[in-house]
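Please have the structure open as you read.

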Amino acid sequence: MNPKHRMKDQKPSNKSKKGSLSEDTMSYYKRAYQNFKQETCQDPENKSIFLLNVLRQLKTEVVPVCQNQTASHYVETFLKNAEPKHLFYMWQMICSNRMEFCTDRCTSHIMHKTLLLLPSTFDADPAELHDEEEIKGNAEDNGVSDDDDDGDGDGDGGKRKGKKKAGSKKGSASARESFLQFCEFLDDNIETFITDVYASHIVRVSLHILANKPVKDTTTTKGQKFQKDAKDFQLKIANEDENFIKWFFKISKHICALENIYSYFTHKLANPVIQVLVQLTMELDQDIGRKFCSRIIKLCGFLDIPPVDPDTALIDSSRLPDLMMNPVASYLAEELLRSCSNSAYLTWYECSFKDRLIAYAVNGVSSYVLHLVIDRCVNKGMLKVIYAELEPYIEDILALNHMGIIKSLANICQKFGCKQKKFVNSLLNAFHCSEEEKRKDFVLLLLAMKTYDIYFDSDGAGTNTVSETADNILSGSQHSSLSHPIDIHGSMLVQTLLTFSNPQIIVSSFLKLSAEILLDLACDFQGQHIMKQFFESASVSDKDKDDLLNMFYPMLLRMACSKFGSRTCQSMWPNFNIDQRVRVAGILAKQSLHLRQHWYGAFVFHNFQLQLFMNSNKRWRMSQSSKAKKRKIFADILDKNKAVMVSNEDKEEEEMKQCDEEPSIGKGQPKSKKLKSSNSGK
């Protein structure tokens with residue numbers, strides 16, 4: 001017989017595969033799962049008893065059952081409807097095998113979900129959490145019976161009494177104490193756990209429990225099953241505990257004190273743990289959080305970057321720190337930029353970003369870091385330095401499709417009311433439409449994020465987009481007047497430009513668009529937000545708003561009968577004055593029957609109160625005026641809250657004298673001019 005065939009015919013070893021269960025065991029938990037789903041519709045007391053019996057059976061074989069992929073799913077279902085005593089019972093089983101539950105593929109999911117629900121047991125009475133039969137069984141194992149209470153007080157009886165006290169409810173550890181013991185276990189194994197694919201998730205959720213902050217779950221976009229799990233397993237917020245805070249900072253100090261901490265910044269599992277530490281520390285105490293951010297920035301080596309060699313090219317990657325080009329470490333850099341103080345940001349900018357912005361902009365990874373560097377700009381002086389370095393290369397950045405950098409530049413120009421005119425002129429040059437006859441198409445070029453030559457190229461403009469407009473719905477046509485689809489970055493950029501102090505160039509380009517293009521824009525998913533911003537912007541004059549609305553009057557019915565066009569109508573409505581509302585309502589009321597029967601038009605008919613308008617114009621006017629007053633009151637409240645936030649930011653800037661020092665700005669200006677000259681030389 002062939003030896004190879006003999007090897008195949010040999011029986012497997014007696015060592016069972018991890019997670020394998022016998023047919024009887026698997027059948028039991030399957031029946032328990034099916035019965036439990038039926039019990040949930042019946043008496044809660046029966047359900048509680050049933051679940052407790054299942055957990056008692058589970059205790060005898062908790063590790064192999066939870067290591068089985070199918071059975072672990074059953075256990076997770078039991079936990080969804082568990083009471084605090086059931087959760088604590090499960091938690092005790094986990095603590096008896098905590099290493100297996102932290103590092104196994106299936107058991108780690110059960111432990112993760114148990115931890116999310118565990119805080120509901122922290123404020124419960126310890127006497128209600130412990131199983132009476134379990135305590136009685138422990139007492140019997142220790143040689144204690146009910147008759148021992150009548151002992152004579154001799155040495156032997158005294159010992160027995162002491163044993164019973166150890167097994168009683170009063171002597172049992174509370175849920176908080178048990179969790180802190182588990183945290184001590186995590187701290188002892190932290191170097192191993194933060195690099196483990198399963199244990200790292202346990203560390204992160206444990207840190208959230210210690211900080212008493214909700215977990216920001218990112219699984220809600222992965223389908224219905226994950227959305228349902230995210231709702232069922234949300235971290236319970238318990239009463240604050242000083243011991244928890246102490247343990248949180250103890251673990252964070254331990255992680256920062258690790259010898260090879262630098263290697264963890266680029267580790268795909270350890271890096272998210274450090275990000276969670278930064279987020280939670282800032283939420284717990286901003287002063288401590290900012291100090292912690294400064295410490296992490298130093299550990300990353302961002303303050304020890306050698307000066308820029310003037311002979312190197314502007315796009316040379318040698319200008320960038322290694323961590324900024326790492327796809328894992330860059331996420332930590334972004335989190336640090338969001339959380340660090342202004343003084344730390346300025347120091348960091350001088351060491352790692354000054355005269356290096358072009359290299360950041362062209363790199364595919366570091367360009368995302370540059371978004372936050374621009375967003376964190378603290379004053380007008382710093383904006384001038386950043387803008388002077390990036391402005392000559394705006395067209396090149398757009399060619400690389402790094403639209404987020406341009407959007408961030410537009411946002412800070414709008415925020416500080418500075419460099420707005422120059423920014424618009426730079427965009428005109430970048431899109432090759434600076435000539436007067438080409439400016440009328442500026443909006444179309446921004447929306448498509450294409451230059452004038454490409455947009456109107458006879459070869460490239462042959463494909464029209466198919467959008468769900470009112471024309472498609474009413475006439476069945478599949479043709480759109482927009483020759484290119486609307487880019488999301490272009491839509492957001494146009495919205496920002498409309499909020500500039502003088503948006504006349506963009507507004508005049510809007511008003512020169514044809515009626516059909518405006519209709520397609522209003523009935524587009526991205527375009528609806530632009531129309532809303534046009535009528536909300538305080539920088540756009542009332543005359544320009546009225547001119548645009550006049551172009552929409554003949555097309556109101558078609559817009560109202562579109563999926564996104566109906567939303568556009570409803571978003572523009574609060575910004576109309578009473579005369580504009582009367583005219584819009586009068587036009588739509590003539591087609592009230594068609595509106596009421598249309599799926600999307602019915603929303604417009606109801607929200608515009610067209611039935612009341614047709615019955616009583618006076619009552620309709622009173623209703624509209626009262627709603628306008630309510631909106632104004634709420635707007636004033638929001639403006640006050642926003643003013644408080646702005647004043648707090650101003651106080652922080654006043655405390656930092658470095659932010660307002662003009663000498664540092666003056667030093668940066670000549671270099672940016674030199675940058676321009678080098679560009680022209682090229």
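Helices here are DSSP runs (H or I) of at least four residues, numbered from the N terminus. This is a predicted model, and its protein chain has 43 helices and zero strands. Of the 682 residues, 46% count as buried. The chain exposes about 35500 Å², with carbon and sulfur atoms supplying 50% of that area.

Let's turn to the charged pairs. Side chains of opposite charge can pair when their charged atoms come close.

| Pair | N to O distance |
|---|---|
| E76 and K113 | 3.8 Å |
| E334 and R338 | 3.7 Å |
| D547 and K543 | 3.2 Å |

E334 and R338 sit four residues apart in helix α20 (residues 329–339), so about one helical turn separates them. E334 is buried at 11% relative accessible area, while R338 is partly exposed at 49%.

D547 and K543 are likewise four residues apart, in helix α35 (residues 542–552). Here D547 is partly exposed at 27% relative accessible area, and K543 counts as exposed at 60%. Elsewhere, salt bridges with shared partners join D123, R176 and D241 into one network.

Finally, two covered places are worth a look. T121, in the loop between α8 (107–117) and α9 (126–129), is buried, with a relative accessible area of 0%. Beyond its neighbours within four places in sequence, T121 contacts P84, L87, F88, L129 and A175. Helix α33 (residues 515–522) is mostly covered, with six of its eight residues buried; among them are I517, L518 and D520.

Note on methods
Residues are numbered from 1 along each chain as its sequence is written. This is a predicted model: local features need pLDDT of at least 70, side-chain atom pairs count only at pLDDT 80 or more; totals for chains, interfaces and linings use all residues. Side-chain values use heavy atoms; hydrogens and water are left out. Buried means under 20% relative accessible area, exposed over 50%, partly exposed in between (1.4 Å probe, protein chains only). Contact means heavy atoms within 4.5 Å. Accessible areas come from the Shrake-Rupley method with a 1.4 Å probe; for residues, only the protein chains shown count as cover. A salt bridge is a side-chain nitrogen of Lys or Arg within 4 Å of a carboxyl oxygen of Asp or Glu.
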